[in-house]
Amino acid sequence: MADAAALTAHGVTDEGNTRFAASDVERRKLLVERIAASILGLVTCSLVLPLVGIMAVLIVKAMPVLSWAFLTQNPQKYMTAGGIWAPLVGTFYLVVLSLAVAAPIGILAGVYLNEYAGDNWGTRIVNMAVVNLAGVPSIVHALFGVGAFVLFAGMGRSVMAASCTLAIMTLPVIISSTREALAAVPQSFREACWNMGASRWQTIRTIVLPNAISGILTGVILQVSRAAGETAPILFTGAVFYVATPETGLASSLPYGLWDRCMALSYHLFTITTQVTGVSEGLSYATAVVLIGLVISVNLISIGFRVYLRGRKRW
Amino acid sequence: MRQTLSNRLGVAAEPIIEWTIRLCGWSAIFFVFAIFFFVFREGAPFLFGKLDIVEFLTNVNWRPDSRIKAQYGVLALITGTAAVTALAALIAVPAGLGAAVFVSEFCPRRLREVLKIVIELLAAIPSVVWGFIGYMVLNPLIIWATGAPIGINILNGGIILALMSVPIIMSMGEDALRAVPDTYREAAIALGASRWQLVYKVLMPAAKNGLLAAALLGIGRSVGETMAVLMATGHSIQIPGSLLDPVRTLTATIAAELGETVEGGDHYRALFVIGTLLMLMSLIVNVTADLVVKGVRGKQNG
C-alpha cells in the first residue's frame, strides 16, 4: 500500500496503462512529430500530384490527334499537318548509333573502375572525371560536338556527329551503372575463381560479367532513354528542322544515311512548339506525349528488369 | 601440360584486353579535357584577340548583331541565369530535401518504393518536354493568376527548373540520409527521441555534407539546363526588375543564336567563350560538391 501511495504521489495511478501516460514534454514531442510528418508528406504530395495533373492534361489534349497514322506519316504542309514518322526514325538512328559508341567504352570503363583500379589518387581522378562529365551542361556538349566532331573530325553536321556527341554525353550513365552492377557481384566469387588459377581477365569474362550482365543492361537501357530525349546536344551537330524523306516502302524506314542530317523527335517538338506558326495545339501535344511515352516506357522496362533481378538474386 | 589453342590465344591476348580496359577507364579524363579543349579552342581567338574580359563580364548589352557597334556583354545573361536559378533553388532545395526526409524516414516501405519509382520517372522526363510544359501549360496559368502580359518569364522558368531539379536533390538527399549508420538511429530511439527529433537532432547534422552536396548538384543542374529555360523564360536580354520579367540565360543564348552565326565569326566565337564560362562553372560546382562529400568521409574515417 505504501508503494501505491508513493506511485500516486509521483503522478502515477494504478488504473491500467496510465503508468505509461505521456507527460507534457512527451505529448509535445509527439505533436511536433505529427506536424512535421504531415508537412513533409504534404510537400512530397505537392511535388508529385501536380505532375500527375499535367500528364493528364497533356494526354487529354493529345488524344484527338494520337493515332496509328500520326505515328507512321511524315510531317506535311510545313509541319502543320501529318505525323511524326521521319523524326521518330531519326531518333531511333541517333539512339542506336550513340549506343554503339557509348556502350563498349562505358562498360569497359566500368570494368576498369571496379575490377582493375586500385584505391589511389589516379582512380580518384577518374571518378572525379566521370562525375564532372555527367555534370557538363548539355549545351556545352553541343559546342564540343561542333568543335570536335563537326569541324575537327570533319564529320559535318550529320547523324554520325550527333550520335557521337550524344554518346559522350550519356557515357557516365553507363559507366556508373556498370560499376554498380559489378560491385554487386560478391568478392568470394572472384576469389574462388582466382584460386582455380584463372587470370584476372578470365575471372571477369567467365564469372563477373555473366553475373552482372543484367545490371549492366539496365544501365544501357537508361542510356537509351536519356539519348532519346536530349535536344541541346543535337541542335547544331546533326538535327534539322525538316528533311524530305521517302513516304512509302523500305526507303521510308531507312531514310537517312550516316552522313546526312536527320530530324529527331525531341528537336521536332521544340520546332513545332516555338518556331513554326500555325501548328494546331493537338499536334504538338501529341508529339510531346509520344516523346514522354517513349522515354517513360523505356525507363519502366529498366525498372521492371531491376525488380525482377532483385527477386531472382541467389546470393 | 598441353593447352588448347583458344586458351593459348586467350593468354596471349590478355595484355591487349587489359590495356583496352585501362584506356577506356581513363577515357573519362580524356573526354573532360577534350570538351574543355575544343570549346576553348573555338572561343580562344576572340577571347585573346578582341575581347576585353572585364567589359565582357560587366557590360549589360549583348548586341552581337549590331551593325554600328557589336557589343558583347554577358552581365544581363548572367543575371538572367542567376535569377532563374535562385528562384528554382528557393523552391527546390527545401522541397527536395523535405521530400527526401519524408521518403527516407517517415513513409511506409511500400509507399517509399512507389515514390522512388515516380521520382526516377520524373528525372527521366526530357528537358524539352519540361520546356513544352512551361510554354503550353504554365504560360496561360501564370497569365491567368498574375495578370502579366506574358507568362513566359522568370517565374515560369524558375518553377520548371525547380520541378526538374527536385528529383536529383531528393534522390541524392535520400542517399545521404541512408548513409548515416543505423546505430545512430538506434541510439537516438533508445534515448526516447521521436522520429522528428531523430531527423532534426541526429540525422541532419550527421548527413549535413551529403545534403549540401545534393543541393549544390541540383543548383548546378539548373545553371546548365538549356531547352527548358530556352522555351520557358522568354527572350528579353535585360536585367530583370520583377519575377514577371522575361529574361535570357547563358545557356539559352547559345542555343538560340549559334545556328544563325557565321562559323569563325566574332559572334560565333563569343558563344564559345560563354560555353567555356559555363564549363568552368559546372566544374567548380561538381568539384566543390565532391570535396564536400569527401570531407565528411575523411572525418568519419579519422
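Reply:

**Helix packing in chain A**

In helix 9 of chain A, the residues Ser214(A), Gly215(A), Leu217(A), Thr218(A), Ile221(A), Leu222(A), Val224(A), Ser225(A), Ala228(A) and Gly229(A) make a contact. Their partners in helix 12 of chain A are Leu291(A), Leu294(A), Val295(A), Val298(A), Asn299(A), Ile301(A), Ser302(A), Phe305(A), Arg306(A) and Leu309(A). By class, this contact of helix 9 with helix 12 of chain A holds 12 nonpolar, 7 polar and 1 charged residues. Note that the model is predicted.

Now the geometry. Two packed helices are described by the angle between their axes and the distance between the axes. Helix 12 of chain A covers residues 281-312. Its axis lies 9 Å from that of helix 9 of chain A, at an angle of about 170 degrees. Angles over 145 degrees count as roughly antiparallel. Helix 9 and helix 12 of chain A are therefore roughly antiparallel to each other.

Helix 9 of chain A also packs on helix 7 of chain A. Helix 9 spans residues 200-229 and helix 7 spans residues 159-183. Their axes are 8 Å apart, and the angle is about 150 degrees. That makes helix 7 of chain A roughly antiparallel to helix 9 of chain A. The crossing of these two helices is right-handed. On the side of helix 7 of chain A, the contact is made by Leu166(A), Thr170(A), Val173(A), Ile174(A), Ser177(A), Thr178(A), Glu180(A), Ala181(A) and Leu182(A). Helix 9 of chain A answers with Val208(A), Ala212(A), Gly215(A), Ile216(A), Thr218(A), Gly219(A), Val220(A), Leu222(A), Gln223(A), Arg226(A) and Ala227(A). This contact of helix 7 with helix 9 of chain A has 11 nonpolar, 7 polar and 2 charged residues.

The contact of helix 4 with helix 7 of chain A comprises 21 nonpolar, 7 polar and 2 charged residues.

Step back to the whole chain. Chain A has 12 helices and 2 strands. Along the sequence the pattern is α-α-α-β-β-α-α-α-α-α-α-α-α-α. The radius of gyration of chain A is 28 Å, whereas a compact globule of 315 residues would have one near 20 Å. Along the principal axes, the C-alpha atoms of chain A fill a box of roughly 100 × 65 × 35 Å.

Next, the partner chain. Chain B also has 12 helices and 2 strands. Its elements run α-α-β-β-α-α-α-α-α-α-α-α-α-α from the N terminus on. Chain B is divided into domain 1 (5-36) and domain 2 (78-262 + 283-301). The C-alpha centres of these two domains of chain B lie 37 Å apart.

Finally, the two chains touch. The contact takes 67 residues from chain A and 69 residues from chain B. On the side of chain B, helix 1 (residues 5-49) gives the most, with 21 residues. By class, that side of chain B has 45 nonpolar, 16 polar and 8 charged residues.

Definitions and conventions. Residues are numbered from 1 along each chain as its sequence is written. Chains are lettered from A and ligands numbered from 1 in the order in which they are written. This is a predicted model: local features need pLDDT of at least 70, side-chain atom pairs count only at pLDDT 80 or more; totals for chains, interfaces and linings use all residues. Axes are lines fitted to C-alpha atoms, for helices over the stretch in contact, and angles run from 0 to 180 degrees between N-to-C directions. Helices (H or I, at least four residues) and strands (E, at least two) are DSSP runs, numbered from the N terminus. Angles under 35 degrees count as roughly parallel, over 145 as roughly antiparallel, 65 to 115 as roughly perpendicular and the rest as oblique. A crossing is left-handed if the near helix is turned anticlockwise from the far one by less than a right angle, and right-handed if clockwise. Two residues are in contact if their C-beta atoms, placed from the backbone, lie within 7 Å. Ala, Val, Leu, Ile, Met, Phe, Trp, Tyr, Cys and Pro count as nonpolar, Asp, Glu, Lys and Arg as charged, and the others, Gly among them, as polar. Domain bounds come from an automatic or database domain assignment. The radius of gyration is taken over C-alpha atoms; the globule rule is 2.2 Å times the number of residues to the power 0.38.
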